[in-house]
Amino acid sequence: MTRPVVLIAEELSPATIEALGPDFEVRQVDGTDRSALLPALADVDALLVRSATKVDAEALAAARNLKVVARAGVGLDNVDVKAATLAGVMVVNAPQSNIVSAAELAVGLLLSAARHIAPANAALKQGEWKRSKYSGVELYEKTAGIVGLGRIGALVAQRLSAFGMTVVAYDPFVAAGRAAQMGVRLVSLDELLRTADVVSVHLPKTPETVGIIGEEQLATVKPSVILVNAARGGIVDEAALYAALKEGRVAAAGLDVYATEPCTDSPLFELENVVATPHLGASTDEAQEKAGVSVARSVRLALAGDLVPDAVNVQGGVIAEDVRPGIPLAEHLGRFLTAVAAAVPAQLDIEVRGEITAYDVRVLELAALKGLFVDVVEDPVSYVNAPVLAADRGVQVRLTTDAESPDYRNLVTLRGTLADGTQVSVSGTLTGTRHLEKIVEIDGFDVEVAVSEHMAVFRYEDRPGIVGTVGRILGDAQVNIAGMQVSRDRRGGKALVAMTVDAPIPGPVLDEIVREIGADTARQVDLTD
C-alpha cells in the first residue's frame, strides 16, 4: 500500500519527525528555493513549513494531491489561507506552542528595562564601568498592569505575582471572579495606566486595539512607568511612545514587536532606555519543538480523515456534509453575540434545531466558541483552544438539539447570560442552494438580515422618523446601507434596527446616531477575517 507523502520544507525538530510516525513517506526540500519547491509538491499529501516558505496560489496549484498545509508556529503570513480554502486544502497551525515563551520574553524585557541590563552590558564591553549611571528599580511591592488577560497575559500576571508585585488588569472580556482566582484585580484602562508602575501589553491586534495606548493615554502614566509590548506591533503608538520616553514622561520600554516588520530603523532604537528585540516571542527551542509536534499530530489527523482541532479553515474531517455549511454560520453567530453583548457571557447555550440534528453537531459548539473569543483575546483561537478559553473564563457551555424546527429547515441559536444576569441571543439559518447565512432573531426581535462583514444593531423606543434619521446620518457620512430590517415588540414599544453597511461606521457617526434617535444601545459588528 502506498504511504501518504509528507514534504518538510524547512528545518524542524527531530521530535516532529518522530511524532509523524512510520506511516508516511517523509521527504525534505528547501522551501525558499522555488525552483526546487514547486516540482517537489507534485505528489505530496501534506506540506510542513515554518515562516520562510511561501505557500501561495502558485504553490497550491502545483500540489495536485495536497490535503493539508501545516505551519509549525502561530502566524500564517506566509500561507494564502483563502487560496488554500478554495483549493480544498486544510491549513493548520500551532496556536498554543509559544505562549510560555512569549510570556517569559515579556518578563525578560521588563527586567532588562528595569535594571538597564542592555546598556550596562554594552558599556562594560566597551571598557566602561558605570555602576552609578545604571542604577535601576526593584519590581517588589510595585504594581503591574496587564493590558489583556488572555492566556499569555495570565502567564505574565502569574510570574509577576511571584516577584511580589500587586497585579491589576484591563480586559473587558474577562469576568472579575475569574481574574480574582488568579489574584488579579480588574480595573479600567484609565485606572491601570494611572496607577501601574509597569504596563505589559497582551492584546490581539484589531481595529479597536490599534493605537489603544497613544499620546492621550501616555499623558496619564507615572513618569517612572516601564512599558512592555511583546504582543503585536501597533497597539502602542510608537511615535507617542518615543516622545514620552524622550521627554521623561515614561521611564523605559521593552519592545519585541513593531507596527511594520521587519523593523531595523526606528527612532526608538536610538534611546538608551529602550530594550528592543526582533520579534523573538516564539523563538525558543521548546516553542519550536511544541509547534512541530503539534502540527505533526494535526497532519496525522487530517490524512486519517478526522476532525482537526487546529484547522484555521474548516476543510476535511469527519463532518457530515449537511452539517459542514453550518460551521461558519455558528462562528459568525458567536462573534455577533460577543459584539452585541460587549462582553463574554458567563453561560452560553447553543441550540441546534432541524434536520441536521440527525448528525453529530458538536462541531457547531466548537465553531460558536471560536467565534465567541476570536475578537477578544490575543491568542489565535482554534477548535482546540476555544473550550480551554471558555473554561479559563468560567464560561458554562451547553449544547442542546431538537429535531423540531417550526419556522426553518435548520436553526442555530446562541443564548448568552452575562455576569449581571442580562440575557442576549442571536439566531441564524442557511437559505438556498448556496447556503446563504442569515440572522433571523436578535434578543427576541424577529429579523431577516444577511450576514455581512459590516453590521450594526440599534435599540430604541419605537416612533416615526427613525429610519430616515439613520439613513440621513449615514448618507452624510458616505456610508452606504446594504440592507436594513426594523423589528418591534409592539407599536410604540421597544424597537430594533439591524443593518448591513458597505464599510465600518466611524465612531463619531455612531455616536451621532445614538444622540439623534435616543438609542438605548448601539453596537457595531465587524465580521471581517
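This is a predicted model: local features need pLDDT of at least 70, side-chain atom pairs count only at pLDDT 80 or more; totals for chains, interfaces and linings use all residues.

User: What angle do α5 and α7 pack at?

Analyst: About 50°, with the axes 9 Å apart; α5 covers residues 99-115 and α7 residues 151-162. Helices here are DSSP runs of H or I with at least four residues, strands are E runs of at least two, and both are numbered from the N terminus. Axes are lines fitted to C-alpha atoms, for helices over the stretch in contact, and angles run from 0 to 180 degrees between N-to-C directions.

User: And what does that make α5 and α7 to each other?

Analyst: They are therefore oblique. Under 35 degrees counts as roughly parallel, over 145 as roughly antiparallel, 65 to 115 as roughly perpendicular, and the rest as oblique.

User: Which residues in α5 and α7 meet?

Analyst: Ile99, Val100, Ala102, Ala103, Glu104, Ala106, Val107 and Leu110 in α5 meet Arg151, Ile152, Leu155, Val156, Arg159 and Leu160 in α7, where contact means heavy atoms within 4.5 Å. By class, that contact has 11 nonpolar, no polar and 3 charged residues. Ala, Val, Leu, Ile, Met, Phe, Trp, Tyr, Cys and Pro count as nonpolar, Asp, Glu, Lys and Arg as charged, and the others, Gly among them, as polar.

User: Next pair: how do the axes of α16 and α17 cross?

Analyst: At roughly 155°, coming within 10 Å, with α16 at residues 466-476 and α17 at 507-517. The two are therefore roughly antiparallel, and their crossing is right-handed.

User: Switching to the backbone. Where is the cis peptide bond?

Analyst: From Glu261 to Pro262, with omega near -5°. Pro262 sits in the loop between β11 (252-255) and β12 (274-276).

User: What is the phi of Glu141?

Analyst: Near 65°, which is positive in a residue other than glycine. Glu141 is in the loop between α6 (117-125) and β6 (143-147).

User: Is Glu141 buried or exposed?

Analyst: Exposed, at a relative accessible area of 60%. Buried means under 20%, exposed over 50%, and partly exposed in between, with a 1.4 Å probe and protein chains only.

Definitions and conventions: Residues are numbered from 1 along each chain as its sequence is written. Side-chain values use heavy atoms; hydrogens and water are left out. A crossing is left-handed if the near helix is turned anticlockwise from the far one by less than a right angle, and right-handed if clockwise.
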